[in-house]
Amino acid sequence: MPAELCLKIYDLMLRARLLEERLITMYKQGDGYFWIGGPGEEAFNVPLGLLADKGMGVDHDYLHLHYRSTGTLLAMGADPVDSLRQMKNTVTDPYSKGRNFAGHFSVRKWNVVPVTSPIEVQFSIAIGTARAQRKGSGAKGISIVQGGDAGTAEGDFATALVWASRKGAELPLLMIVTNNRFGISTPYAGQHGYDQISERGKAFGMPTAVVDGNDPEASYAALQKAIEYVRTEKKPYLLEAMVSRLRGHSSASGANLVKEEIDCLEVWEQKLEARGLMTRPQMNALREQITNELAEASKRVRGEPPPEPEQIWEYVFADKNLVGGEG
Amino acid sequence: MATMIQAIRMALHVGESRLGVTDIFGEDVGAPLGGVFTGTQGLETAWNTPLDERGIVGTAIGLAMAGRKPVAEIQFCDYAFNTIDLLKIAGNTYWSTGGDWNVPMVLMTPVGAGIRGSIYHSHSFDAQATRIPGWKIVMPSTARDAYGLLLSAIVDPNPVMFLMPKALLRMKGAPGEIPGEPEDEKALNQMIDAPLGDRTAWKPSWPALEDLFIPIGKARIAREGTDVTVLTYGRSVPMALAAAEELAAEDIDAEIVDLRSLHPYDWDAIVESVRKTNRVLCVNEDTEITNFGEHLIRRIVEELFYELHAPPKLLAGAHVPGIGLADHLERASVPQKETIKAAIAELAAHEP
């Protein structure tokens, strides 16, 4: 991987990690009610955000993400302060105007479909955007859907496998499973009788791969290959990334550091240092700078207004077809 | 003299030919069958899905978000219960994203009893549907309203649920009530009904249909009267009308309000009718506990209490786990002309 890209990925991984840590701090200081996020998935999620074709409409990629996708959003260019706003549930939160939990992104101008709390439903919705982009439609984009390993037990995962692989009606859908080997407290073996989730794709005739999601170079290459296949062939691909869950499931389990897990950021820092791309003092300086920026921003966000009670009545019904091009 | 199902088919044709409908889909919706009730025969954009209701609703949401205009069908509403969390997402996306994404989709599904459909082809869905905010819910009782409400549903920027009273689907409308339909009923059948047997080479010949947008949220006074207001919709409307005609001979003059839209519903029309008759009966087929008619009665009691000369009454489905197959069981489970007639008469006789 070229040095410039290695450093860019590092910068984004670090920003994503420090943003999650700031969000956890905000939660612990009473500046939010709940935290859920993706510390430990940066080495995979940042490359995903860099490789997706960002834009609005069927000629760009639709992203059906879940609540661990901070790295992907930052890599796409999201402002980290907006995540702080969602944590603080201010009316200035651009993703949900103070209505939803942290990490529940929605960016229509970039085809980032709203993240919802129910597990795996995005796999049933993604086949819809993929259908709008299928072979013969003329659309240049693909649909990318991501969920965790435990969620694949839901019927929606099977829905996506079935609908995406029908002969002659295949869908340009990249299915990603980020496998952290847990569903809240239930270990992998407690719900799956197979070694890898990706094995399930084989029965549906789609290419599959397992990648070390703690390695940004391997993740970048695997994603590039998978995206290229889906874009050219207009057919589905199932990619499983083995990742870490560094702060547990959510704030409900304390959000404390899990020391036994591999920390992708630490490993990547060692590699960058060994390759002479960055020195420790440089890394420390960058970390300090971002930490300070986020601390300052979280103070500013504290002063931003909450939604007004009467705003519950806003946005119940649309009067314009926004997704149909009316604004 | 189109039937309600022909009116629905014609509305879908108008939808795909000039209102932007891109995808009409569901189980057995595409060729060769064209729907188990024939509602999607001969349509250009109709296609078959796997037997997967969650996939159907999810696909509709995704297509809508990608700028397409989907009309999805759940073959019987009895099979929509496993999609409720997806229906909630369709209903809450505009709100939960603070107006970032709207979800313009139509979901059609046959509802209710009356065809001896036993436990899993007789369910009602109106109580469930009205518990999912963010959706508009419509339910026609005539072929003309089916045509006009479906066209309005198609152009609406929100998710709209189109509940089809299955016992009325083959009921004929009045001649010429669908604007542009041929006067001769047989001519229409020959033009748009698929032939029996091999239909691979068949193509429909559509009449020159005109637009008819029946506004969502507006009730229709199906029969004017002065003694009792009957608030109803779907299959119960023609039954209530028949009951009212019989009661006219007994000098009881019932007003039948066909709500047509359950959400948003036409409160102004309800107020006007209740102020005139001072007596209210709600009739629908869904089970009576936590029934949509209960909501209407609650609001009438709260806002129109001093207009009432009798306690409002609800005639609804029995709160039992299913509708049994045998004729006696089905009839005993949901309102019938006789029970509606008795309820109207009882209210009319009540003096404060």
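Modeller: Take strand β3 (residues 173–179) of chain A: 7 of its 7 residues are buried, so β3(A) is largely enclosed by the rest of the structure. Buried means that 20 or more other C-beta atoms lie within 10 Å of the residue's own, with C-beta atoms placed from the backbone; exposed means 12 or fewer, and partly exposed is in between. Strands here are DSSP runs of E, at least two residues; helices are runs of H or I, at least four; both are numbered from the N terminus.

This is a predicted model: local features need pLDDT of at least 70, side-chain atom pairs count only at pLDDT 80 or more, and totals for chains, interfaces and linings use all residues. Residues are numbered from 1 along each chain as its sequence is written, and chains are lettered from A and ligands numbered from 1 in the order in which they are written.

Both faces of β3(A) are covered. One side holds A:Leu173, A:Met175, A:Val177 and A:Asn179, all buried. The other holds A:Leu174, A:Ile176 and A:Thr178, also buried.

Now the pairing, which requires at least two DSSP bridges between two strands. Strand β2 (residues 143–148) of chain A runs parallel to β3(A), joined by 6 bridges. Within that pair, A:Gln146 has A:Ile176 as its bridge partner. Between β2(A) and β3(A), the chain passes through helix α6 (residues 155–164) of chain A, in a right-handed β-α-β crossover. Right-handed means that, with the strands pointing away from the viewer, the path from the first strand over the helix to the second runs clockwise.

Strand β7 (residues 237–242) of chain A also pairs with β3(A), parallel, over 6 bridges. There, A:Ile176 has A:Leu239 as its bridge partner.
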